[in-house]
Amino acid sequence: MRTRYDKSTLERLKDEIRDGVLGVQDRLGLIRDLFALSEGGYIPTTEALEFSLAYKNEKEYIVWSEMASGINRVYNIIASGSPSDELKEKYRNYARTLFSPLAESMTFEKKKGENHSDTFLRNLALSHAAMYGDKNIINKAKKLFADRNKNPIPANIRTVVYNIVAQNGGTKEYEQFKNLFLKEELHEEKDRYGRALTSFKDKTLLAKTLMFTISKNVRMQDAPFLIGAIWQNTQGRDLTWKFIRHNW
């Protein structure tokens, strides 16, 4: 059951969220309801997006996860359509006003006394800030990757760093990740490299990864997960569908 509030109530609730009056479950329920109502056509999508701005100081991972999911679903619709580059950039700028400050506060480094939830929140903040074009976060991830042999990347942020580098990389980075995948013996790290190969924006590279999944270099049980990851990549959805039909 979803609750639809009038505008005056929503404005009051915004203030209570900013002031930290509402509990976690209420904050979570509110943003979940708003995005669900917007998807159902009961309220304008802009209402849910504008309300999200009240959560800039949110600290709980579970709330950010719900909000990130809603914002990302809207972006996927925009990105998969044919809107102007100006509209796409306006949306990315909106998203950065939320995720960039969080990413800057969390940083790439683990802080003393952090709990498990903070690790999830860091990964969410960094990955989404980069996904929506935060150049500062992107450049920091590239530097960490470039210096990884001298200064190993902590295991808890490797997936995020690899994916950011891949999302903003080209053929050179693709070959790097492919070679790292082929040489790696530890399955957990191999899986990280494999995921990076599914994160590129270049459709030619994604098509290579699809063919790679059915080669002798990828375990049969791992292939569906890599193919599914490319399907989730907005640039790889059509490619994946054609690939599955052709290779069924």
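These exercises work through a predicted model of one protein chain, from overall fold to single residues. Local features need pLDDT of at least 70 and side-chain atom pairs count only at pLDDT 80 or more, while totals for chains, interfaces and linings use all residues. Residues are numbered from 1 along each chain as its sequence is written, and side-chain values use heavy atoms, with hydrogens and water left out.

**Exercise 1. Describe the overall fold.**

Step 1: Take the secondary structure. The protein chain has 13 helices and zero strands. Helices (H or I, at least four residues) and strands (E, at least two) are DSSP runs, numbered from the N terminus.

Step 2: Check the dimensions. The radius of gyration, taken over C-alpha atoms, is 20 Å, close to the 18 Å that the globule rule gives for 248 residues, so the chain is as compact as a globular protein of that length. That rule is 2.2 Å times the number of residues to the power 0.38. The C-alpha trace spans about 60 × 45 × 35 Å along its principal axes.

Step 3: Look at burial. Of the 248 residues, 43% count as buried. Buried means under 20% relative accessible area, exposed over 50%, and partly exposed in between (1.4 Å probe, protein chains only).

Step 4: Look at contacts, meaning heavy atoms within 4.5 Å. Among contacts with a separation of 6 or more, 62% join residues 24 or more positions apart.

**Exercise 2. Characterise the packing of H11 on H13.**

Step 1: Get the geometry. Helix H11 (residues 203-213) and helix H13 (residues 237-247) pack at about 30°, with axes 10 Å apart. Axes are lines fitted to C-alpha atoms, for helices over the stretch in contact, and angles run from 0 to 180 degrees between N-to-C directions.

Step 2: List the residues. H11 brings Lys 203, Leu 206, Ala 207, Leu 210, Met 211 and Thr 213. H13 answers with Leu 239, Thr 240 and Phe 243.

**Exercise 3. Compare Ser 38, Thr 45 and Ala 141: buried or partly exposed?**

Step 1: Ser 38 lies in helix H2 (residues 24-39). Ser 38 counts as buried because its relative accessibility is 9%. Its contacts, leaving out residues up to four places away, are Ile 43, Pro 44, Thr 45 and Ala 48.

Step 2: Thr 45 lies in helix H3 (residues 45-52). Thr 45 is partly exposed, because its relative accessible area is 30%. The C-alpha atoms of Thr 45 and Val 74 are 8.3 Å apart, across 29 residues of chain.

Step 3: Ala 141 sits in helix H7 (residues 135-146). Ala 141 is buried, as its relative accessible area is 0%. Beyond four places in sequence, Ala 141 touches Phe 108, Val 161, Ile 164 and Val 165.
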